Amino acid sequence: MNLNFLMVQKNKYMLRRNRRLRNNESIRSLVRETILHPNDFIVPLFIVEGSNIKEEIPSMPNYFRMSLDNIEKEVKELQRLNLKSVLLFVKVLDNLKDNAGKEALNPNGLMQRAIKTVKNVAPEIIIMTDVALDPYSIYGHDGIIENGQIANDSTANFLAEMSISHAQAGADFVAPSDMMDGRIQTIRQALEQNNFINTGILAYSAKYASAHYGPFRDALDSAPVDLMDIPKDKKTYQMDYHNRIEAIRETVMDVKEGADIVMVKPGISYLDIVREVKNAVDVPVAVYQVSGEYAMIKAASERGWLDHDAIMMEQTTSIKRAGADMIASYFAKDIVKLIS
Ligand code: PBG
(Lines give C-alpha, C1' and ligand atoms only; values in the text may rest on other atoms or scores of the structure.)
Protein backbone atom coordinates (compact mmCIF):
# COMPACT_ATOMS: atom_id res chain seq x y z
CA MET A 1 0.00 0.00 0.00
CA ASN A 2 1.26 3.40 -0.89
CA LEU A 3 1.19 5.39 2.38
CA ASN A 4 2.44 8.44 0.62
CA PHE A 5 -0.70 8.51 -1.47
CA LEU A 6 -2.92 8.47 1.65
CA MET A 7 -1.04 11.44 3.11
CA VAL A 8 -1.64 13.43 -0.01
CA GLN A 9 -5.34 12.58 0.02
CA LYS A 10 -5.69 13.68 3.62
CA ASN A 11 -4.23 17.05 2.97
CA LYS A 12 -5.92 17.58 -0.32
CA TYR A 13 -9.59 17.23 0.69
CA MET A 14 -11.41 18.84 3.57
CA LEU A 15 -12.77 16.34 6.08
CA ARG A 16 -15.25 18.64 7.72
CA ARG A 17 -17.49 21.19 6.06
CA ASN A 18 -19.58 22.88 8.72
CA ARG A 19 -21.55 24.84 6.15
CA ARG A 20 -23.34 21.64 5.11
CA LEU A 21 -25.56 22.01 8.18
CA ARG A 22 -26.35 25.61 7.29
CA ASN A 23 -27.18 25.04 3.65
CA ASN A 24 -30.91 25.73 3.78
CA GLU A 25 -33.63 26.52 6.29
CA SER A 26 -34.73 22.88 6.60
CA ILE A 27 -31.34 21.63 7.68
CA ARG A 28 -30.76 24.69 9.88
CA SER A 29 -34.01 24.08 11.69
CA LEU A 30 -33.15 20.39 12.10
CA VAL A 31 -29.92 21.16 13.97
CA ARG A 32 -31.17 24.25 15.81
CA GLU A 33 -30.24 24.16 19.50
CA THR A 34 -32.39 26.90 21.03
CA ILE A 35 -36.01 27.61 20.14
CA LEU A 36 -38.33 30.08 21.86
CA HIS A 37 -41.67 28.69 22.99
CA PRO A 38 -44.71 30.34 24.63
CA ASN A 39 -43.93 28.35 27.80
CA ASP A 40 -40.69 30.32 28.17
CA PHE A 41 -42.35 33.61 28.94
CA ILE A 42 -43.49 35.62 31.94
CA VAL A 43 -45.52 38.66 30.94
CA PRO A 44 -45.05 41.81 33.04
CA LEU A 45 -48.28 43.78 33.56
CA PHE A 46 -48.53 47.39 34.77
CA ILE A 47 -51.72 48.11 36.64
CA VAL A 48 -53.35 51.42 37.54
CA GLU A 49 -56.46 52.50 39.47
CA GLY A 50 -59.57 53.55 37.56
CA SER A 51 -61.61 52.07 34.79
CA ASN A 52 -61.25 51.83 31.04
CA ILE A 53 -57.66 52.98 31.25
CA LYS A 54 -55.08 51.80 28.76
CA GLU A 55 -52.32 54.37 28.60
CA GLU A 56 -49.15 53.91 26.60
CA ILE A 57 -45.91 54.34 28.55
CA PRO A 58 -44.00 57.05 26.65
CA SER A 59 -40.59 55.38 26.91
CA MET A 60 -42.08 51.92 26.18
CA PRO A 61 -43.94 52.21 22.84
CA ASN A 62 -46.86 49.79 22.50
CA TYR A 63 -46.71 48.85 26.20
CA PHE A 64 -49.48 50.04 28.48
CA ARG A 65 -50.61 50.71 32.01
CA MET A 66 -54.07 49.22 32.40
CA SER A 67 -56.93 49.45 34.84
CA LEU A 68 -58.35 46.18 36.16
CA ASP A 69 -61.15 45.93 33.58
CA ASN A 70 -58.58 46.08 30.79
CA ILE A 71 -56.30 43.71 32.66
CA GLU A 72 -59.14 41.17 32.48
CA LYS A 73 -59.23 41.49 28.69
CA GLU A 74 -55.47 41.39 28.47
CA VAL A 75 -55.22 38.19 30.50
CA LYS A 76 -57.83 36.53 28.29
CA GLU A 77 -55.75 37.49 25.27
CA LEU A 78 -52.61 36.05 26.91
CA GLN A 79 -54.48 32.79 27.41
CA ARG A 80 -55.46 32.70 23.75
CA LEU A 81 -51.79 33.19 22.89
CA ASN A 82 -50.81 30.30 25.17
CA LEU A 83 -48.94 32.52 27.58
CA LYS A 84 -49.23 31.11 31.06
CA SER A 85 -47.65 33.42 33.58
CA VAL A 86 -47.81 37.07 34.50
CA LEU A 87 -45.73 39.30 36.76
CA LEU A 88 -47.80 42.05 38.35
CA PHE A 89 -46.66 45.61 39.07
CA VAL A 90 -48.86 48.38 40.41
CA LYS A 91 -48.65 52.14 40.02
CA VAL A 92 -49.56 53.48 43.43
CA LEU A 93 -51.44 56.76 43.88
CA ASP A 94 -49.20 59.53 45.25
CA ASN A 95 -51.37 60.13 48.29
CA LEU A 96 -50.95 56.48 49.33
CA LYS A 97 -47.14 56.57 49.34
CA ASP A 98 -45.10 56.82 52.54
CA ASN A 99 -41.70 55.71 53.85
CA ALA A 100 -42.76 52.34 55.21
CA GLY A 101 -45.08 51.15 52.42
CA LYS A 102 -48.17 50.80 54.57
CA GLU A 103 -50.45 50.65 51.52
CA ALA A 104 -48.64 47.53 50.29
CA LEU A 105 -50.30 45.58 53.11
CA ASN A 106 -53.82 46.85 52.41
CA PRO A 107 -55.90 43.68 51.81
CA ASN A 108 -57.99 45.73 49.41
CA GLY A 109 -55.04 47.49 47.77
CA LEU A 110 -54.56 47.62 44.01
CA MET A 111 -52.12 44.68 43.95
CA GLN A 112 -54.39 42.49 46.08
CA ARG A 113 -57.40 43.30 43.86
CA ALA A 114 -55.30 42.68 40.74
CA ILE A 115 -54.31 39.22 41.98
CA LYS A 116 -57.96 38.33 42.60
CA THR A 117 -59.01 39.72 39.24
CA VAL A 118 -56.49 37.65 37.32
CA LYS A 119 -57.22 34.51 39.36
CA ASN A 120 -60.88 34.99 38.70
CA VAL A 121 -60.69 35.32 34.90
CA ALA A 122 -57.90 32.80 34.39
CA PRO A 123 -57.39 30.40 37.29
CA GLU A 124 -54.70 28.43 35.47
CA ILE A 125 -52.46 31.44 34.83
CA ILE A 126 -49.48 31.60 37.19
CA ILE A 127 -49.58 34.86 39.09
CA MET A 128 -46.25 36.29 40.18
CA THR A 129 -46.13 39.53 42.11
CA ASP A 130 -43.38 42.08 42.46
CA VAL A 131 -42.53 42.34 46.13
CA ALA A 132 -40.74 45.63 46.64
CA LEU A 133 -41.28 48.90 48.37
CA ASP A 134 -40.35 51.33 45.61
CA PRO A 135 -43.78 51.90 44.02
CA TYR A 136 -45.15 52.53 47.51
CA SER A 137 -42.25 54.68 48.75
CA ILE A 138 -42.32 58.48 48.73
CA TYR A 139 -38.56 58.20 48.24
CA GLY A 140 -38.64 55.69 45.38
CA HIS A 141 -36.37 53.28 47.24
CA ASP A 142 -36.75 49.55 47.76
CA GLY A 143 -36.00 49.89 51.45
CA ILE A 144 -37.38 51.70 54.45
CA ILE A 145 -35.24 54.70 55.35
CA GLU A 146 -34.09 54.85 58.97
CA ASN A 147 -31.45 57.25 60.29
CA GLY A 148 -30.33 58.23 56.80
CA GLN A 149 -29.81 54.61 55.72
CA ILE A 150 -31.71 52.03 53.68
CA ALA A 151 -32.57 49.74 56.60
CA ASN A 152 -31.98 46.11 55.73
CA ASP A 153 -33.66 44.00 58.38
CA SER A 154 -36.82 46.01 58.92
CA THR A 155 -37.26 46.10 55.12
CA ALA A 156 -36.88 42.31 54.93
CA ASN A 157 -39.51 41.89 57.67
CA PHE A 158 -41.80 44.26 55.83
CA LEU A 159 -41.34 42.33 52.56
CA ALA A 160 -42.30 39.14 54.37
CA GLU A 161 -45.56 40.78 55.47
CA MET A 162 -46.13 41.99 51.94
CA SER A 163 -45.54 38.45 50.63
CA ILE A 164 -48.11 37.06 53.05
CA SER A 165 -50.59 39.65 51.89
CA HIS A 166 -50.03 38.64 48.24
CA ALA A 167 -50.27 34.96 49.09
CA GLN A 168 -53.53 35.59 50.92
CA ALA A 169 -54.92 37.32 47.84
CA GLY A 170 -53.95 34.29 45.72
CA ALA A 171 -50.45 34.89 44.32
CA ASP A 172 -48.72 31.71 43.13
CA PHE A 173 -45.24 33.18 43.36
CA VAL A 174 -43.88 36.21 45.16
CA ALA A 175 -40.96 37.90 43.45
CA PRO A 176 -38.86 40.01 45.80
CA SER A 177 -36.93 42.52 43.67
CA ASP A 178 -35.29 44.57 46.42
CA MET A 179 -31.85 42.94 47.03
CA MET A 180 -31.92 43.26 50.84
CA ASP A 181 -29.80 40.63 52.61
CA GLY A 182 -31.63 37.67 54.09
CA ARG A 183 -35.02 38.53 52.67
CA ILE A 184 -35.57 35.17 50.99
CA GLN A 185 -35.14 33.38 54.30
CA THR A 186 -37.39 35.86 56.10
CA ILE A 187 -40.08 35.52 53.44
CA ARG A 188 -39.81 31.72 53.30
CA GLN A 189 -40.18 31.42 57.08
CA ALA A 190 -43.17 33.73 57.09
CA LEU A 191 -44.86 31.75 54.30
CA GLU A 192 -44.28 28.45 56.11
CA GLN A 193 -45.43 29.91 59.42
CA ASN A 194 -48.66 31.09 57.82
CA ASN A 195 -49.18 27.77 56.08
CA PHE A 196 -48.58 29.08 52.54
CA ILE A 197 -46.51 26.03 51.80
CA ASN A 198 -47.34 26.08 48.09
CA THR A 199 -46.47 29.70 47.46
CA GLY A 200 -43.26 29.93 45.44
CA ILE A 201 -40.46 32.46 45.63
CA LEU A 202 -38.95 33.79 42.44
CA ALA A 203 -35.94 35.65 43.78
CA TYR A 204 -34.40 38.55 41.91
CA SER A 205 -31.05 37.18 43.06
CA ALA A 206 -28.50 38.82 40.79
CA LYS A 207 -30.13 42.15 40.19
CA TYR A 208 -27.67 44.78 39.04
CA ALA A 209 -27.83 48.52 39.69
CA SER A 210 -28.45 49.16 36.01
CA ALA A 211 -29.19 52.15 33.82
CA HIS A 212 -31.61 49.89 31.92
CA TYR A 213 -34.52 50.39 34.36
CA GLY A 214 -35.32 53.99 33.40
CA PRO A 215 -38.48 53.33 31.34
CA PHE A 216 -39.88 51.04 34.07
CA ARG A 217 -39.46 53.81 36.65
CA ASP A 218 -41.36 56.12 34.28
CA ALA A 219 -44.09 53.50 33.99
CA LEU A 220 -44.59 53.29 37.74
CA ASP A 221 -43.39 56.76 38.68
CA SER A 222 -41.00 55.05 41.08
CA ALA A 223 -37.60 56.66 40.47
CA PRO A 224 -35.52 57.50 43.57
CA VAL A 225 -35.86 61.15 44.60
CA ASP A 226 -33.22 63.68 45.73
CA LEU A 227 -32.45 63.25 49.41
CA MET A 228 -29.86 64.86 51.68
CA ASP A 229 -28.08 61.77 52.95
CA ILE A 230 -29.11 58.97 50.60
CA PRO A 231 -27.73 58.62 47.08
CA LYS A 232 -30.20 58.95 44.22
CA ASP A 233 -29.33 55.48 42.97
CA LYS A 234 -29.76 51.94 44.28
CA LYS A 235 -26.10 50.99 44.46
CA THR A 236 -26.09 50.20 48.19
CA TYR A 237 -28.42 47.28 47.56
CA GLN A 238 -28.47 46.34 43.87
CA MET A 239 -25.25 44.80 42.50
CA ASP A 240 -22.26 46.55 40.98
CA TYR A 241 -22.13 45.71 37.28
CA HIS A 242 -18.36 45.33 37.39
CA ASN A 243 -18.80 42.10 39.35
CA ARG A 244 -19.34 38.51 38.33
CA ILE A 245 -18.49 36.23 41.25
CA GLU A 246 -20.80 38.16 43.52
CA ALA A 247 -23.69 36.99 41.34
CA ILE A 248 -22.89 33.39 42.17
CA ARG A 249 -22.75 34.20 45.88
CA GLU A 250 -26.12 35.97 45.73
CA THR A 251 -27.89 33.21 43.79
CA VAL A 252 -26.41 30.33 45.79
CA MET A 253 -27.45 32.07 49.03
CA ASP A 254 -30.97 32.63 47.74
CA VAL A 255 -31.30 28.95 46.88
CA LYS A 256 -30.13 28.00 50.38
CA GLU A 257 -32.60 30.47 51.86
CA GLY A 258 -35.48 28.88 50.02
CA ALA A 259 -35.85 30.41 46.54
CA ASP A 260 -37.63 28.14 44.05
CA ILE A 261 -36.41 30.10 41.03
CA VAL A 262 -33.54 32.59 40.83
CA MET A 263 -33.36 35.51 38.47
CA VAL A 264 -30.64 37.45 36.69
CA LYS A 265 -31.47 41.00 35.63
CA PRO A 266 -31.06 42.72 33.17
CA GLY A 267 -30.65 40.31 30.26
CA ILE A 268 -28.64 41.14 27.19
CA SER A 269 -25.69 42.86 28.91
CA TYR A 270 -25.46 40.08 31.49
CA LEU A 271 -25.40 36.87 29.45
CA ASP A 272 -22.07 35.83 30.98
CA ILE A 273 -23.72 36.00 34.39
CA VAL A 274 -26.72 34.02 33.15
CA ARG A 275 -24.47 31.17 32.01
CA GLU A 276 -22.43 31.15 35.21
CA VAL A 277 -25.51 31.17 37.38
CA LYS A 278 -27.10 28.43 35.27
CA ASN A 279 -24.02 26.28 35.87
CA ALA A 280 -23.88 27.08 39.57
CA VAL A 281 -27.41 26.37 40.79
CA ASP A 282 -29.81 23.45 40.54
CA VAL A 283 -33.03 25.46 40.42
CA PRO A 284 -34.57 27.07 37.32
CA VAL A 285 -33.02 30.35 36.22
CA ALA A 286 -35.16 33.25 35.06
CA VAL A 287 -33.90 36.31 33.20
CA TYR A 288 -35.61 39.69 33.08
CA GLN A 289 -35.25 41.37 29.70
CA VAL A 290 -35.88 44.79 31.17
CA SER A 291 -37.58 47.98 30.09
CA GLY A 292 -34.41 49.63 28.78
CA GLU A 293 -33.69 46.67 26.53
CA TYR A 294 -37.21 46.94 25.16
CA ALA A 295 -36.91 50.71 24.71
CA MET A 296 -33.62 50.48 22.81
CA ILE A 297 -35.03 48.02 20.30
CA LYS A 298 -38.20 50.11 19.85
CA ALA A 299 -36.29 53.37 19.42
CA ALA A 300 -33.75 52.06 16.92
CA SER A 301 -36.37 50.27 14.86
CA GLU A 302 -38.69 53.29 14.85
CA ARG A 303 -35.86 55.14 13.15
CA GLY A 304 -35.45 52.35 10.68
CA TRP A 305 -31.96 51.61 11.97
CA LEU A 306 -32.70 48.05 13.09
CA ASP A 307 -35.22 45.43 12.00
CA HIS A 308 -37.58 45.20 14.99
CA ASP A 309 -38.63 41.57 14.76
CA ALA A 310 -35.20 40.29 13.77
CA ILE A 311 -33.43 42.04 16.63
CA MET A 312 -36.17 41.06 19.11
CA MET A 313 -35.82 37.39 18.18
CA GLU A 314 -32.03 37.47 18.18
CA GLN A 315 -31.70 39.10 21.59
CA THR A 316 -34.39 37.04 23.26
CA THR A 317 -33.11 33.76 21.81
CA SER A 318 -29.62 34.72 22.99
CA ILE A 319 -30.95 35.07 26.52
CA LYS A 320 -32.36 31.56 26.35
CA ARG A 321 -29.16 30.20 24.75
CA ALA A 322 -27.15 31.73 27.61
CA GLY A 323 -29.10 29.58 30.05
CA ALA A 324 -32.45 31.18 30.83
CA ASP A 325 -35.17 28.64 31.62
CA MET A 326 -37.73 31.43 31.46
CA ILE A 327 -37.74 35.06 30.40
CA ALA A 328 -39.74 37.97 31.75
CA SER A 329 -40.20 40.04 28.63
CA TYR A 330 -42.25 42.94 27.31
CA PHE A 331 -41.92 41.25 23.91
CA ALA A 332 -43.71 38.07 25.01
CA LYS A 333 -46.89 38.72 23.00
CA ASP A 334 -45.02 39.92 19.90
CA ILE A 335 -42.75 36.89 19.97
CA VAL A 336 -45.52 34.37 20.46
CA LYS A 337 -47.52 35.91 17.60
CA LEU A 338 -44.44 35.75 15.39
CA ILE A 339 -43.53 32.14 16.13
CA SER A 340 -47.02 30.63 16.09
C1 PBG B 1 -38.68 47.34 41.51
C2 PBG B 1 -38.35 46.80 40.17
C3 PBG B 1 -37.65 47.44 39.14
C4 PBG B 1 -37.72 46.62 38.03
C5 PBG B 1 -38.43 45.48 38.42
N6 PBG B 1 -38.80 45.61 39.74
C7 PBG B 1 -37.00 48.78 39.11
C8 PBG B 1 -35.88 49.07 39.99
O9 PBG B 1 -35.30 48.20 40.64
O10 PBG B 1 -35.55 50.25 40.09
C11 PBG B 1 -37.16 46.94 36.69
C12 PBG B 1 -37.83 46.25 35.53
C13 PBG B 1 -37.59 46.88 34.20
O14 PBG B 1 -36.79 47.83 34.03
O15 PBG B 1 -38.22 46.41 33.23
N16 PBG B 1 -37.92 46.95 42.58
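Author: An oxygen atom of the ligand is 2.7 Å from an N or O atom in the side chain of Lys234. That is a polar contact, a pair of N or O atoms within 3.5 Å.

Reader: Before going on, what kind of model is it, and what are the ground rules?

Author: The model is predicted, so local features need pLDDT of at least 70 and side-chain atom pairs count only at pLDDT 80 or more, while totals for chains, interfaces and linings use all residues. Residues are numbered from 1 along each chain as its sequence is written, and side-chain values use heavy atoms, with hydrogens and water left out.

Reader: Fine. What lies 2.7 Å from a nitrogen atom of the ligand?

Author: A polar side-chain atom of Asp142. Lys265 also has a side-chain N or O atom 3.5 Å from a nitrogen atom of the ligand.

Reader: And how much of the ligand's accessible area does the protein cover?

Author: The protein covers 100% of the 400 Å² that the ligand has on its own, with areas from the Shrake-Rupley method and a 1.4 Å probe.

Reader: How many residues surround the ligand?

Author: There are 18, and the closest are Lys207, Arg217, Lys265, Ser291 and Tyr330. The shell has 7 nonpolar, 4 polar and 7 charged residues. In that scheme Ala, Val, Leu, Ile, Met, Phe, Trp, Tyr, Cys and Pro are nonpolar, Asp, Glu, Lys and Arg are charged, and the others, Gly among them, are polar.

Reader: Which cavity does the ligand take up?

Author: The space taken by the ligand is the largest cavity. The test for sitting there is that more than half of the molecule's atoms lie within 2 Å of the grid points. A cavity is a set of points, on a 1 Å grid over the protein atoms alone, where a 1.4 Å probe fits but cannot get out; a pocket is an open set with protein on both sides within 12 Å along at least five of seven lines, and lining residues have an atom within 4 Å of a point.

Reader: What's its volume, and what lines the largest cavity?

Author: About 150 Å³, where a volume is the space filled by probe spheres set on the points, joined across faces, edges and corners. The lining has 18 residues, with Asp134, Lys207, Tyr213, Phe216 and Lys265 nearest the centre. β9 (200-207) and α7 (214-220) each supply at least two of the lining residues. Helices (H or I, at least four residues) and strands (E, at least two) are DSSP runs, numbered from the N terminus.

Reader: How many cavities in total?

Author: The count is 3 cavities of 30 Å³ or more.

Reader: What is the phi of Asn62?

Author: Asn62 has a positive phi of about 65° although it is not a glycine. Asn62 is in strand β3. Most residues other than glycine have a negative phi, and most peptide bonds are trans.

Reader: Where is there a cis peptide bond?

Author: Between Lys265 and Pro266, with omega about -5°. Pro266 is in the loop between β10 (261-265) and α9 (271-280).

Definitions and conventions:
Near = heavy atom within 4 Å. Polar contact = N/O pair within 3.5 Å; in protein donor to acceptor, adjacent residues only side chain to side chain.
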